[in-house]
Each structure stands twice: as structure tokens, then as C-alpha cells.
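Please look over the sequence and the model below. A short report on them follows.

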Amino acid sequence: MKVQKMERPVAASDEGSCKTVMSHICDSLDEDPTSPKCVAIRRHLEECDACRDYKASIEKTIEWYREYDAPLPEGAHERLMARLGLEDA
Amino acid sequence: MEESKLIERAKEGDHAALATLVKKYEKTIFNFAFKICRDRDKAENTMQETFLRFVKNLKQFDGKSKLSTWLYRIVVNNCMMDARKRQRRPFVEPKDDERDFEERFVADRLSAPTATVENDELKRVLDEAISKLDPSYRVVFMLRDVERLSTEETAEAIGVSEPAVKSRLHRARSFLRNEITKAFQS
Ligand SMILES: [Zn+2]
């Protein structure tokens, strides 16, 4: 697959802060966006490329798995109904 | 007809109501089973077992939780037992390793491929990553992120605490994201 290679990011000036932000990005995807923690994370994300990319890549990962569907195999419905004794219904 | 009405009728032995319920959830349950088991035949078998148990235990369903959550729980039990039986190599249980975090999570950005899941290469990468992940993490990721259950519903479906759901979700996401990143870097 053709993939766009990105340059390695320059180490962020405050790594401790990045680490904290990254470890909470996951929570921020679920939490109330107005909570103090989420507001702080958002502010950091506005200024930090590395964390922004990290968040985007997590979101992309989730999106791919959501889109990856397995359709019901041919005849599976009929086989299920037969197994349940519901062919007549 | 409302779902609660359908359930009431199905409990009374109404085949048409039962069939309507099965039809309503069969695609969701198959899809979810596939995402946990990663195998079409096993997913179909799990779907059948799930609905058999559904029919058998319907009278015990009290309506306190959603029917879908109840069905998910049956799938999870079925698939996880099966996965543990089949697996020879141990699954990866993601750890919160700080050095790991610095080196891999920060330095290696996910070079965003423009591909969609229609792409076979991407499917292969997604399959491989999720297959490596310990099933107890896999189900949390699938229920929370993919099926969009709440933390509370997920905790209920798999019988663990809400903090455990949060921590597993966090690690599962990072692990999958990392595996995908690695796959596209080589
Ligand atoms: Zn940062």
C-alpha cells in the first residue's frame, strides 16, 4: 500500500506534558468535552503536533475497525431459522 | 411494534415475534462475533449458539439491560472461551510501559494511509493486529469503540468494573494503533 512517509517529529519541548496528554487522549474521546481535563488537553493539542497526530491516529484506528464489516454469509439467515425451529415464522 | 412488546409476545411463545427479534439482531450479532472470533464459520456458529441461548433463556430476561447488551454478553462468553482454547501462543496483553510510550507512541507517527477498508492490505493489517490482542482487551475495544456501547454497558456485558473497562480500552487502542503504525513503516 502506498503510504505517505512522515518525518519524525522533533521531540516536543515538554515531553512529560506530552506523555500526560497522550495518556489522557483516550479518555478525552469519551468524556464530557467541557470537563477541565478535556479543556486542558484540547489546549495542549492546539500547540503540539505530536499529540495531535497521536490523537488522529487513534481516531483513524477506531474508524477503520468500525468500517470493517463482515456481511452475513449466504444462507446464514435460513440456517439460523432452521436451527431455532422458526422456519415457519 | 415496540421491542418490549415483541419480547413479551416471544416469551408467550409467539413464533412470529421471536423471528422478528432474531431478524432484527442477526446481522449485528454475526458481525460482532466475527470481530471477536476473526473467523466466518466460527462467527456463524457463535451467532446460532447465541440465539439458541436467547430462545432458551428468554423467560429470564428481565428487561433491566438492553436486549443487545444481553446478546453481546452471550457472544463474548462463547468467543472468549473458544479463543482461549484455540490459542497456542499467548496473546499480547498490552502493558503501560513508560519507555515504550516515549519511543513508540511519540516518535513513530501513524503515517496516515489514504486507503479505506476496501483495501485488502489494510484489512490484513487490521486482522493481524486485532488477532494478537488478548481477547479480554479485544472485546472491550469492540464493544466500546466499534459497537459504541457505554462504559457501563460494556462493564455489564463482560462482567468487569468500569475502571477496568477504561484502562483496557486505553491500552487496546494504543496497542492497535501501534501495530498498525509498525505495519505501515516496514
Ligand atoms: Zn504534546
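Contact here means heavy atoms within 4.5 Å. By that rule, B:Thr154 touches B:Val140, B:Leu143, B:Arg144, B:Leu149 and B:Val165, leaving aside residues up to four places away in sequence.

This is a predicted model, where local features need pLDDT of at least 70 and side-chain atom pairs count only at pLDDT 80 or more, while totals for chains, interfaces and linings use all residues. Residues are numbered from 1 along each chain as its sequence is written, chains are lettered from A and ligands numbered from 1 in the order in which they are written, and side-chain values use heavy atoms, with hydrogens and water left out.

**Around B:Thr154.** This residue sits in helix α8 (residues 151–158) of chain B. Its side chain reaches the backbone oxygen of B:Ser150 at 2.8 Å.

**Chain B overall.** Chain B has nine helices and zero strands. Helices (H or I, at least four residues) and strands (E, at least two) are DSSP runs, numbered from the N terminus. Chain B has 186 residues, and 52% of them count as buried. Buried means under 20% relative accessible area, exposed over 50%, partly exposed in between (1.4 Å probe, protein chains only). Take the contacts in chain B between residues at least 6 apart in sequence: 68% join residues at least 24 apart.

**Helix α6 of chain B.** This helix covers residues 120–132. Its 13 residues reach 18 Å from first C-alpha to last, close to the 18 Å expected at 1.5 Å a residue. The expected span is 1.5 Å times one less than the number of residues. Which residues of α6(B) are buried? They are B:Leu122, B:Val125, B:Leu126, B:Ala129 and B:Ile130. These residues cover an arc of only 120° around the axis, so they lie on the same side of α6(B). The arc is that of the directions from the helix axis to the C-beta atoms. An α-helix has 3.6 residues a turn, so residues three or four places apart point the same way. The buried residues of α6(B) pack against α3 (49–67) of chain A, together with α7 (135–146) and α9 (162–185) of chain B.

The table gives relative accessibilities.

| Residue | Relative accessibility |
|---|---|
| A:Cys48 | 9%, buried |
| A:Ala50 | 10%, buried |
| A:Cys51 | 0%, buried |
| B:Thr154 | 0%, buried |

A:Ala50 is found in helix α3 of chain A. The C-alpha atoms of A:Ala50 and A:Gly75 are separated by 48 Å, and the two residues are 25 apart along the chain.

The whole structure has zero disulfides over all chains. A disulfide is a pair of cysteine sulfur atoms within 2.5 Å.

How values were computed
Polar contact = N/O pair within 3.5 Å; in protein donor to acceptor, adjacent residues only side chain to side chain.
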